[in-house]
Amino acid sequence: MGLVTTRETTNTDHNVESLYQRILQHPPDRIPCRDMDPELWFATEFAQQQAAASYCATCPVWAECRTTGRLLQATHGVWGGEGPRERRRAGYIGRS
Ligand code: SF4
């Protein structure tokens, strides 16, 4: 079982900088990984990654974050509830 939530992003913005600007518009105290120990989002243990993903599910910018992780081909970290294994399976890591 993966980390990915059943929600799928409908984000059509494919520019990392504009996505990041939209993320920054939200108050930090509403974004779990800014309000908690960010190490949880970069844990190597799957159970901890699942915990991070559960917080992402409550985050107002999860869609922007997930798309950013995909565009960056992030090989580490949970971005928008999606870990590196899910990004790799979906073909977002390893593309040229
Ligand atoms: S969706 Fe992104 S910004 Fe929100 S808590 Fe998860 S990792 Fe942090």
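The chain contains five helices and zero strands, where helices (H or I, at least four residues) and strands (E, at least two) are DSSP runs numbered from the N terminus. The model is a predicted one: local features need pLDDT of at least 70, side-chain atom pairs count only at pLDDT 80 or more, and totals for chains, interfaces and linings use all residues. Residues are numbered from 1 along each chain as its sequence is written. In sequence order the pattern reads α-α-α-α-α.

Of the 96 residues in the chain, 28% are buried. A residue counts as buried if 20 or more other C-beta atoms lie within 10 Å of its own, as exposed if 12 or fewer do, and as partly exposed in between, with C-beta atoms placed from the backbone. Among the contacts in the chain with a separation of 6 or more, 56% join residues 24 or more positions apart; two residues are in contact if their C-beta atoms, placed from the backbone, lie within 7 Å.

The buried residues are W62, E64, C65, R66, T67, T68, G69 and R70. Their cover includes helix 1, helix 3 and helix 5 (84-89).

The axes of helix 1 (residues 16-24) and helix 4 come within 9 Å and cross at roughly 150°. Axes are lines fitted to C-alpha atoms, for helices over the stretch in contact, and angles run from 0 to 180 degrees between N-to-C directions. Helix 1 is therefore roughly antiparallel to helix 4, a term applied to angles over 145 degrees, with those under 35 counted as roughly parallel, 65 to 115 as roughly perpendicular and the rest as oblique. On the helix 1 side, the contact is made by V16, L19, Y20, R22 and I23, and on the helix 4 side by E64, C65, T67, T68 and L71. These residues divide into six nonpolar, two polar and two charged.

Just after helix 4, Q73 takes a positive phi of about 55°, although Q73 is not a glycine. This residue lies in the loop between helix 4 and helix 5. Q73 is partly exposed, with 14 other C-beta atoms within 10 Å.

Two further positions were examined. P27 is located in the loop between helix 1 and helix 2 and is exposed, with 9 other C-beta atoms within 10 Å. P27 and P60 are separated by 33 residues in sequence and by 9.8 Å in space, C-alpha to C-alpha. Q50 belongs to helix 3 and is partly exposed, with 16 other C-beta atoms within 10 Å.

Terms used:
Nonpolar A, V, L, I, M, F, W, Y, C, P; charged D, E, K, R; others polar.
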